[in-house]
Amino acid sequence: MELFYYMVFGALGAVVAALELSKANKDRITTSQAFTSFKNNYLLVYSLMMAGDWLQGPYVYYLYSTYGFGKGEIGQLFIAGFGSSMLFGTIVGSLADKQGRKRACATYCITYILSCITKHSPQYKVLMLGRVLGGIATSLLCSGFESWLVAEHFKRGFDQQWLSLTFSKAIFLGNGLVAILSGLFGNLLVDSLSLGPVSPFDAASCFLAIGMAIILSTWTENYGDPSENKDLLTQFKNAAVAIASDERIALLGAIQSLFEGSMYTFVFLWTPALSPNDEEIPHGFIFSTFMLASMLGSSFASRLMARNSPKVEIYMQIVFVISSASLLLPIMTNFLVAPSKVKGGGISFSGCLQLLGFCTFEACVGIFWPSIMKMRSQYIPEEARSTIMNFFRIPLNIFVCVVLYNVDAFPITVMFGMCSIFLFVASILQRRLAAIADKPKAEDWTPMKERDAEAEPLNAP
């Protein structure tokens, strides 16, 4: 492996270590022992859930290819996963608000374990069922756990600022350290121990089962809207009213969709961007480098959120601009650096520049996650938190499905340019959100049925 990869990894690791070790009192949040116990319990569960997810990611495509499926069939399987998340996500989100977030989190574990079991079958229909189950599980992962955490945090009377500490630590561990360790563990199972490409899915099932046991034994239940007369259609209407009546919620949803859509597109594009001439690049090591960059971002975010200034609405404008610029690098290098005509070999000079830009983007991702979680906890009403969060994922999943379906239709530079534009638009929307963040709502959001029941005729005496 080339020295360049070790230098980038080492530099990022040194910066992360320096950030963590140099935290002063002003960078830390003073909390209580009860909160520390609560936070550590959640971080343990969240890390196990993310381990179950990260173990699968690097081997899904590889497993399907070993079963003899081509690029087109594998693409259809991936589209099925995102399509399932889009179609069923809002439903499971509403059920989480209604039936309980703890129950939803346990359902995530069961659904994802069943999805892992289907990977043992080479039958296309069985694998398609597994992708559908995986899409449902993804929706629960992206809404159920955060909704339970926010509700339980306030139910126990903890300070709102302490939420940012849990968010930043969850991303630092779950999307950083756990991701790196999961990649190394998966590589150990598949390559070193030669257990086959399905072994990471079996390991993921074990981690998910352990996490579910902790959830069932230590978590208490909480709900969004506990009223008995709310059907799913009414919950959908209430969520739509909440989004339409508060510009801040609508802006937050648009910002999230633009950023996550660009992020998921980047996942598909970074490999061909770094190896356009089939250069030999260490995919696993580069993935770990990206996750280390994400850890750097989350560590930096924890410092920012521990202080009262700048506010999250302010500094995220800068983060979106930087992320937009970082994804312009493939376009710039394509024009400024002469492309290599040699097939194979090591990473090119333009590839090295792009790798640095991609690490910058991943650092922005590390800042994005805890920051968007904090803003969601401030603006999204508790009554329909899971429902609204999954509403936000509908345009995201549509976008990713369209990209997957047309991934070969456009040059890679066009795809990166599109992502860069989306991120710049997100910065503009974030600027608008910052401008209205402290303004009171024109009307407090209340469930529609209550509003209709309390409404009086205009000509009432």
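Arg-376 is buried in this predicted model. Its relative accessibility is 3%, and the cut-off for buried is under 20%, so Arg-376 counts as buried. The residue belongs to helix H14, which covers residues 349-379.

What does Arg-376 touch, leaving aside its neighbours within four places in sequence? Its contacts are Glu-146, Leu-252, Gln-256, Arg-385 and Met-389. With Glu-146 there is a polar contact, side chain to side chain, at 2.4 Å. Another arginine also belongs in this picture. Arg-248 lies 128 residues from Arg-376 along the chain, and their C-alpha atoms are separated by 9.8 Å.

Now turn to the nonpolar core. The largest one has 138 residues. Those touching the most other members are Met-49, Tyr-108, Phe-145, Phe-290, Met-316, Phe-358 and Ile-388. H14 gives this core its largest share, 14 residues. Both domain 1 (38-226) and domain 2 (230-438) supply at least three residues each. Take Met-316 as an example. Not counting residues up to four places away in sequence, Met-316 touches Ile-367, Phe-368, Ser-371, Met-375 and Gln-430.

Helix H6 comes next. It runs over residues 124-155, 32 residues in total.

Methods
Residues numbered from 1 in each chain as written. Predicted model: local features only at pLDDT ≥ 70, side-chain atom pairs only at ≥ 80, totals over all residues. Heavy atoms only, no water. Helix = DSSP H or I, 4+ residues; strand = E, 2+ residues; numbered from the N terminus. Buried < 20%, exposed > 50% of the residue type's maximum accessible area, 1.4 Å probe, protein only. Contact = heavy atoms within 4.5 Å. Polar contact = N/O pair within 3.5 Å; in protein donor to acceptor, adjacent residues only side chain to side chain. Core = buried A, V, L, I, M, F, W, Y, C linked by side-chain atoms within 4.5 Å. Domains from an automatic or database assignment. Expected span 1.5 Å × (residues − 1).
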